[in-house]
Amino acid sequence: MNTKNTKNIEFREIKLKEISAVSNLFNEKWRINHIFYRKPEVLKWQYYENPIRSEYTDDMTLLGVFIDDVLYGVHGYIPFIFNYYGKKRRACHFCNWYASPEIRRGPIGIRLTTDVLDQYNFQACFGYAFSDFSRFILKRIGWNIEQAFPRYVRITNIENTMEMLNDMANNKKFYQYLKSTIIKTSVINNINNYLIEEIENFNNLKWDNFFWNKLSKNIIGPARDKKYLIWRYKKIPIFKYHILYASNHLGTAGLLIYRIEEVKNTRFKVIRITDILATTEVVEIFAKRVIEIAINEDIAFVDFFCTLSNFEPILQKQGFIYSKNNQAYPVPFLFSPLETDKLKMEFGWKIFDQNQSLLKQKLYYTKADGDFDRPN
Amino acid sequence: MLDKLIKIFIELFGLERDEINHDLSYHNYDQWDSLKHLNLVQRLEDVFDIEIEMDDIIAMESFGVIIKILNKYGVEI
């Protein structure tokens, strides 16, 4: 490896016209053939088309490390409106933190993070904490590190799950465990009070009123207003998300968003729920509906990475198991290709100047946020 | 105190004593990578019983600069 002289290093935001340099850096140096980041259109969506990007920069929300105008490292941040019990705050997700080996000298990697934090007064930050290095830095700047992103899992086809994991023949104990999680789901009495339908987009929904008046006051986390949902789920140039919409005689009662993911080079599929935004009784109705869809589609299992433990007693009634407190559920989460030895995602977060443990109980943060929802 | 600092560099980077001087820097010494930098911070904190602020961690670019930063924390070298 030829190390670079780092004396004349420059840290600056990356311009939209430099986007191909970013995708080349990912594809050639970091994660060859990564499904997302070799594609400029995904980078543009993530770091330029963000609904509040222009409040922060004219360029991309992506800090670059340059030497002689050649890009050697990046640190992305996705700013968003942070719902703090119904009040609007400013926050960001950290993503794609990378320094090419030629410039991994001294504190260069650290500077990528601290420059972003110093520049903007974010009141909350979240990010993937995938390496010892990133965990060390994030802890050092006062973040909480979670060893495993909390995850709800509902097995919907034991045989498919076992076969997918290549465990059918040699792990009876695991089979029995999965079988024990399949329960007779409870009857929902008020199910007929609600209409659940799949909708194509958010355009005709009077959503913001419902979100800010009915949901936002009991939780904290990225604000799921209409602008955010459209950007997150409809403008994304990869993945098709399904939107289930619940309503009753009063109007909107909630949304559930999921996508179906194929396990690469196999016949197996899983359902990834990425958002459940609904009043308590509708959460269970949604869960039941998704399980019906999964069974009809021969899906191996349904999962939902979500920090909010308030869903636990509700989803449990429909057979979901909640892995929390840093314990991972024993089925993988990366499927392109299937990585059976990876069972958990580490992540870090910080909400500034508040009681962290108290806030954690009310935090609604899901796989839809930041760059967590990715297949490899 | 200087001896303690030199010992940290010898143990961490595998250097000979006469290779360590004020100009030794991550800009001119390839082995001083990001992880080593973090290890160096931890060792300095343990040995000198101090807590180094993030701005100083970033500013620690050479052996000479580290001496000045340690002085700020009351470590006289």
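## The interface between the chains

In this predicted model, the contact between the two chains draws 15 residues from chain A and 19 residues from chain B. Together, chain A and chain B bury about 1600 Å², and 65% of this area is on carbon and sulfur atoms. Seven residue pairs are in polar contact between chain A and chain B, with both residues at pLDDT 80 or more. On the side of chain A that touches chain B, the elements giving two or more residues are helix 3 (108-119) and helix 4 (132-140) of chain A. Helix 4 of chain A provides the largest share of that side, four residues. Sorted by class, the side of chain A that touches chain B holds six nonpolar, four polar and five charged residues.

Two salt bridges cross the interface of chain A and chain B. In one of them, the side chains of Asp30(B) and Arg105(A) meet at 3.0 Å, N to O. Arg140(A) also forms a salt bridge with Glu45(B), and here the closest N and O atoms are 2.3 Å apart. This pair crosses between the chains, running from helix 4 of chain A, where Arg140(A) lies, to helix 2 of chain B, which holds Glu45(B). Arg140(A) is partly exposed, because its relative accessible area is 26%, whereas Glu45(B), with a relative accessible area of 13%, is buried.

## Salt bridges within the chains

Over all chains, the count comes to 30 salt bridges. One network of salt bridges links Arg151(A), Arg232(A), Arg259(A), Glu261(A), Arg272(A), Asp303(A), Lys367(A) and Asp373(A). Within chain A, Asp373(A) forms a salt bridge with Arg232(A), the closest N and O atoms being 3.8 Å apart. Asp373(A) belongs to the segment after helix 11 (356-362) of chain A, and Arg232(A) to helix 8 (residues 226-234) of chain A, so this pair ties together parts that are 141 residues apart in sequence. Both Asp373(A) and Arg232(A) are buried.

In chain B, Arg17(B) forms a salt bridge with Asp3(B), with 2.7 Å between the closest N and O atoms. The pair links distant parts of the chain, 14 residues apart: Arg17(B) is in the loop between helix 1 and helix 2 of chain B, and Asp3(B) is in helix 1 of chain B. Arg17(B) counts as partly exposed because its relative accessibility is 47%. Leaving aside residues up to four places away in sequence, Arg17(B) touches Asp3(B), Ile6(B) and Ile10(B).

In soluble globular proteins, nonpolar side chains tend to be buried together. The largest nonpolar core of this model has 132 residues, of which Ile273(A), Phe311(A), Phe9(B) and Leu44(B) touch the most other members. Helix 9 (residues 280-296) of chain A gives the most to this core, with nine residues. Another core, of 20 residues, lies apart from the largest one, and its members include Tyr84(A), Leu334(A), Met345(A) and Trp349(A).

Helix 4 (residues 63-72) of chain B has buried residues, among them Phe63(B), Ile66(B), Ile67(B) and Leu70(B). The elements covering the buried residues of this helix include helix 1, helix 2 and helix 3 (54-59) of chain B. Just after helix 4 of chain B, Gly74(B) takes a positive phi of about 85 degrees.

Ser25(B) is in the loop between helix 1 and helix 2 of chain B. Ser25(B) counts as buried because its relative accessibility is 7%. A polar atom of the Ser25(B) side chain lies 2.9 Å from the backbone nitrogen of His27(B). Beyond residues up to four places away in sequence, Ser25(B) touches Trp32(B), Glu61(B) and Ser62(B).

## Backbone features of chain A

Most residues other than glycine have a negative phi, and most peptide bonds are trans. Asn96(A), in strand 4 (residues 87-99) of chain A, has a positive phi near 50 degrees. With 5% relative accessibility, Asn96(A) counts as buried. Asn265(A) also has a positive phi, of about 60 degrees, and is found in the loop between strand 11 (251-262) and strand 12 (269-278) of chain A. Asn265(A) is exposed, because its relative accessible area is 76%.

A cis peptide bond, with omega about 5 degrees, joins Ser336(A) and Pro337(A). Pro337(A) is placed in the loop between strand 14 (321-323) and strand 15 (347-351) of chain A.

Terms used:
Residues are numbered from 1 along each chain as its sequence is written. Chains are lettered from A and ligands numbered from 1 in the order in which they are written. This is a predicted model: local features need pLDDT of at least 70, side-chain atom pairs count only at pLDDT 80 or more; totals for chains, interfaces and linings use all residues. Side-chain values use heavy atoms; hydrogens and water are left out. Contact means heavy atoms within 4.5 Å. Buried area is the accessible area (1.4 Å probe) that two parts lose on being put together, summed over both. A salt bridge is a side-chain nitrogen of Lys or Arg within 4 Å of a carboxyl oxygen of Asp or Glu. A polar contact is a pair of N or O atoms within 3.5 Å; within protein, one must be able to donate a hydrogen and the other to accept it, and residues adjacent in sequence count only if both atoms are side-chain atoms. Ala, Val, Leu, Ile, Met, Phe, Trp, Tyr, Cys and Pro count as nonpolar, Asp, Glu, Lys and Arg as charged, and the others, Gly among them, as polar. Buried means under 20% relative accessible area, exposed over 50%, partly exposed in between (1.4 Å probe, protein chains only). A nonpolar core is a set of buried Ala, Val, Leu, Ile, Met, Phe, Trp, Tyr and Cys residues joined through side-chain atoms within 4.5 Å.
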